[in-house]
Amino acid sequence: MTDHTDTLPFGSRLYDAADTEKFTIFSKDDLHRLENALYVTTRDAPDVSMPITLRFPENGWEHEYMLAARALWSSDAKPRYLGAVGQFREMQTDIMLPEMALPDSGAVTGRQLAASMEGMSRIFDVVRLVDPQRGEILQLNADGTFSDRVLPCSPVWNHGKRCSRCISCRCMEDKTRMSKLELTDECAYQLISRYLVVDGRECVLELGSRLSDSVWVTSGGRQFRLDASHGEDFYLDPVTGAYGRRYLEDQQLELEKAEALAVIDIDNFKEINDEYGHLAGDAVLRHVANVILARVNTADTLVRYGGDEFVLLLSHIPAEKFRSTLERIRGAVYTTEIPQYENIHPTVSIGGVYQAHPLLEAIRRADKLMYWAKQKRNDVQT
């Protein structure tokens with residue numbers, strides 16, 4: 001809890017609602033009402049508003065406020081409740097979180113948004129406007145006009161590369177609102193992305209709330225501790241930086257939207273491991289993944305499907321460009337040098353399917369085409 005008004009007997013303080021003896025700022029009835037209200041929220045209906053009395057017995061102080069809160073849900077195919085952010089206002093004040101005040105259509109003027117972002121900055125740790133397709137932060141002047149100065153968006157999250165599973169890209173594509181956990185080298189953020197059209201210009205508003213140095217999440221009945229030691233996403237393959245197979249399985253409904261799909265297999269990978277060792281094998285895997293990611297869009301998805309096999313899902317690609325994209329990947333894998341292993345020149349065999357629906361059937365078809373490509377090696381079949 002953070003006070004921006006100098007009203008409370010502290011500036012910022014962390015409370016544990018599970019410690020019923022020490023958690024006294026809400027009455028048990030108010031806490032129970034809030035828990036019930038958050039329990040019935042959904043990703044499509046996340047907002048809660050109710051009167052709450054804040055109490056600080058150690059100071060003999062209490063006051064009734066109106067609470068406006070928003071439940072935060074994951075953007076997975078099966079949404080998970082992650083937490084909530086909210087704001088207390090005086091009872092007689094019209095209560096609305098600044099982000100709630102934006103029109104459902106997302107169409108606003110620069111002047112309106114500049115004023116709203118100033119209010120949001122009192123609640124969220126990160127408030128910024130981005131063009132995710134260009135990978136840039138957009139800056140608004142005080143009069144609501146766009147500044148000529150732009151900055152790359154990824155350094156905010158300590159990334160030297162694109163964000164994995166960038167929800168702002170997906171918000172731009174689907175013209176919607178989404179949320180996710182974003183892990184940096186230091187802490188975790190709950191990120192809300194909201195599609196907007198500001199004076200006719202499409203962009204995405206990002207709002208980030210710092211959670212803690214680490215976060216526990218539950219998936220499939222098991223708990224995972226997410227922090228810097230676990231990387232930016234517990235779905236990522238630690239060797240290549242691509243997604244692991246579990247991501248494809250968990251996100252199958254979302255990935256069904258892919259326009260095209262390819263199965264990419266490294267030729268003679270066992271021989272490379274046997275001759276040069278497993279460190280060289282890992283370097284080849286990373287090399288292939290990096291070559292692929294450098295030649296596709298941020299909205300596309302790369303999955304390490306097996307030991308030396310990748311599945312590439314392409315979200316929006318014209319039919320006439322599909323094969324040429326796969327050919328560029330094939331050629332670049334062979335011609336691009338691997339640092340410290342310049343004498344290794346791996347090749348890949350690729351099977352590609354356009355109109356990749358349903359997903360598992362498309363993988364089966366692409367795998368069969370990859371098998372035919374492997375008869376020649378360093379080949380593409382579509």
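**Exercise 1. Which residue in β16 is the bridge partner of Val303?**

Solution. This is a predicted model, in which local features need pLDDT of at least 70, side-chain atom pairs count only at pLDDT 80 or more, and totals for chains, interfaces and linings use all residues. Residues are numbered from 1 along each chain as its sequence is written, and side-chain values use heavy atoms, without hydrogens and water.

- Step 1. Locate the strands, which are DSSP E runs of at least two residues, numbered from the N terminus. β15 covers residues 301-304; β16 covers residues 309-314.
- Step 2. Find the pairing, which requires at least two DSSP bridges between two strands. β15 and β16 are antiparallel, with 4 bridges.
- Step 3. Read off the partner: Val303 bridges to Val311.

**Exercise 2. Describe how α6 packs on α7.**

Solution. 

- Step 1. Helices are DSSP runs of H or I, at least four residues. α6 spans residues 269-276 and α7 residues 278-293.
- Step 2. Their axes are 7 Å apart, at an angle of about 140°. Axes are lines fitted to C-alpha atoms over the stretch in contact; angles run from 0 to 180 degrees between N-to-C directions.
- Step 3. α6 is therefore oblique to α7. Under 35 degrees is roughly parallel, over 145 roughly antiparallel, 65 to 115 roughly perpendicular, and the rest oblique.
- Step 4. List the contacts (heavy atoms within 4.5 Å). Phe269, Ile272, Asn273 and Tyr276 of α6 meet His278, Ala280, Gly281, Val284 and Leu285 of α7.

**Exercise 3. How many residues of α3 are buried?**

Solution. 

- Step 1. α3 comprises residues 167-174. Its buried residues are Ile167, Ser168, Cys169, Arg170, Cys171 and Met172.
- Step 2. That is 6 of the 8, so α3 is largely enclosed by the rest of the structure.
- Step 3. Look just past the helix: Lys175 has a positive phi of about 55°.
- Step 4. For context, buried residues make up 48% of the protein's 382 residues.

Terms used: Buried < 20%, exposed > 50% of the residue type's maximum accessible area, 1.4 Å probe, protein only.
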